[in-house]
Amino acid sequence: MGDAVSAKSYTPKQRTKYRKILLDDLEVFDQHLQEAEFVDHGTIGLELELNLVDDNMQPKRCNQEVLSHLGDEYQSEVGAYNVELNHPPLSIEGDGLTQLHDGLVERLTKVHEAARKADAHLAMIGTLPTMTSEFLHDPEWMTKENRYSALDNAILQSRGELVELNFGREERYFQEFESIAPESTCTSMQLHLQVAPHRFPDAWNASQAIAGVQVAVSANSPLFCGHRLWHESRIPVFEQSIDTRTKELQHQGVRPRVWFGERWITSVFDLFEENVYYFSPLLPEDRKSAGNPRMVGDSPSLHYLNLQNGTIWRWNRPIYDPNTELSHIRVENRLLPAGPTASDIIADAAFYYGMVKYLGEQTRPVWSRLPFTTAEENFFAGARDGLNARVWWPTLGRINVTDLVIDHLLQQARTGLELLNVTPELADKYLGIIADRVDTGQNGAAWQLAALDNVGAGTAPDTPERHEAVAQVLKAYLANQASDAPVHTWSTDIS
């Protein structure tokens with residue numbers, strides 16, 4: 001999806017040609033995995049999607065103006081009120097977490113400065129609570145680039161019906177859209193973990209196993225269009241907003257393009273093979289039209305396979321990257337929301353990398369005792385209920401996610417960071433943030449809901465009173481965010 005896209009729609013001839021070359025790419029990838037040498041440095045990286053708002057805390061469509069003041073590490077997203085920053089890869093060893101924290105703060109500061117020049121503010125949050133259905137119905141919501149128009153057209157043509165959002169918890173939200181506009185509200189952070197191909201299955205399986213715990217601990221999207229919904233509402237919003245299936249296809253069991261998956265894997269090839277055989281191409285863009293990807297070494301670019309992979313949104317996505325002297329494979333952990341602060345983000349990263357390392361080193365891995373369907377159930381329980389969720393874990397059975405983290409997983413994550421040669425003081429610092437967050441029961445979602453209770457108790461969705469209360473919550477959120485104090489320390493008294 002990062003490649004240039006030359007068209008907004010495609011012919012049957014283009015699609016037929018693309019499918020044939022896509023199958024060829026898959027075979028080349030299989031051969032490359034068996035014969036080639038890959039990078040094996042174990043580096044980490046981070047992408048972060050951000051929102052731009054005006055003085056009234058409403059989304060502001062000014063990303064092109066903001067990006068004009070920034071460099072190559074920043075790019076557009078589908079929403080005209082979104083930007084994305086990319087932190088270059090680094091080693092987690094020693095003071096790597098400090099480097100990641102400092103680098104993230106430095107880049108956020110640059111986006112803040114660029115936003116100010118556009119009379120906007122930066123909001124690092126899972127979903128903008130002040131977003132409105134009216135804004136998403138406005139055709140001007142989208143960044144004016146072919147790749148976004150093409151994606152929107154392809155999904156709507158494939159679906160053949162309006163996009164429907166329909167979910168709830170404390171309240172219910174239902175709305176139909178003529179575009180994939182709601183997808184733009186799902187601003188996430190994406191953690192990258194580069195691994196050798198033979199270690200990829202362990203890293204991916206471990207990522208899937210802990211997905212429910214991750215999203216429960218780090219939920220930060222409890223308000224969608226001012227409605228109190230799932231603690232991590234990004235999950236259902238993203239799944240529903242770019243679902244290419246009609247109701248009939250859903251009932252037939254056709255796989256969704258936003259996908260948790262359906263099985264543990266034994267090779268990274270398993271995931272790419274599923275992507276080719278289960279999903280029709282959305283953007284059949286040939287390599288010449290998209291622009292010849294820059295190559296450093298002799299690794300195959302696999303343009304067609306990578307473009308296909310970019311239009312299947314697994315919560316833990318496999319990435320093949322040829323743009324180094326040696327190609328490399330990495331896991332892209334996509335399920336966490338942006339924010340609340342840089343400190344919280346690095347704490348989330350420390351927990352994730354520590355857990356993946358620990359679980360991947362077990363002689364009897366957790367996924368050999370955890371049914372895949374149960375891991376998926378844990379994921380949706382964590383997204384729905386946040387720190388109030390109950391999950392199932394091997395040998396422990398059904399357990400409160402808070403007890404699982406405090407009594408079991410934090411020590412495992414600490415052991416994993418030790419195996420990664422992370423400075424012990426840094427492991428204690430960032431895992432301590434996770435411990436305090438869980439102990440206090442206050443992550444970003446819990447804070448937003450409590451703050452809304454304090455200023456808007458009794459207000460109903462889609463009323464002027466609720467809109468005013470939600471804007472007050474976001475304004476206080478941004479003030480706290482600027483301090484970089486972890487969210488568990490924030491006061492919910494914002495009146």
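Start with the second largest pocket of this predicted model, which holds about 430 Å³ of space. To centre your view, select G42, L193, V195, K357 and L420: of the 21 lining residues, these are the closest to the pocket's centre.

β7 (188-195), α6 (200-209) and α13 each give the lining at least two residues. Which element supplies the largest share of the lining? That's α13, with four residues. Now switch to colouring by residue class: you'll get nine nonpolar, six polar and six charged residues around this pocket.

While α13 (342-360) is still highlighted, step back into the loop that joins β13 (328-337) to α13, and pick P340 there. Show the backbone and look at the peptide bond from G339 to P340: this bond is cis, with omega near -5 degrees.

Go to C225, in the loop between β8 (223-224) and β9 (227-228). C225 isn't a glycine, yet its phi is positive, about 50 degrees. Is C225 buried or exposed? C225 counts as buried because its relative accessibility is 2%, with the cut-off for buried set at under 20%.

For the last stop, follow α18 (464-483) to its end and select D484, in the segment after that helix. D484 is another non-glycine residue with a positive phi, here about 65 degrees.

Notes: Residues are numbered from 1 along each chain as its sequence is written. This is a predicted model: local features need pLDDT of at least 70, side-chain atom pairs count only at pLDDT 80 or more; totals for chains, interfaces and linings use all residues. Side-chain values use heavy atoms; hydrogens and water are left out. Buried means under 20% relative accessible area, exposed over 50%, partly exposed in between (1.4 Å probe, protein chains only). On a 1 Å grid over the protein atoms alone, a cavity is a set of points where a 1.4 Å probe fits but cannot get out, and a pocket is an open set with protein on both sides within 12 Å along at least five of seven lines; lining residues have an atom within 4 Å of a point. Grid points are joined across faces, edges and corners, and a volume is the space filled by probe spheres set on the points. Ala, Val, Leu, Ile, Met, Phe, Trp, Tyr, Cys and Pro count as nonpolar, Asp, Glu, Lys and Arg as charged, and the others, Gly among them, as polar.
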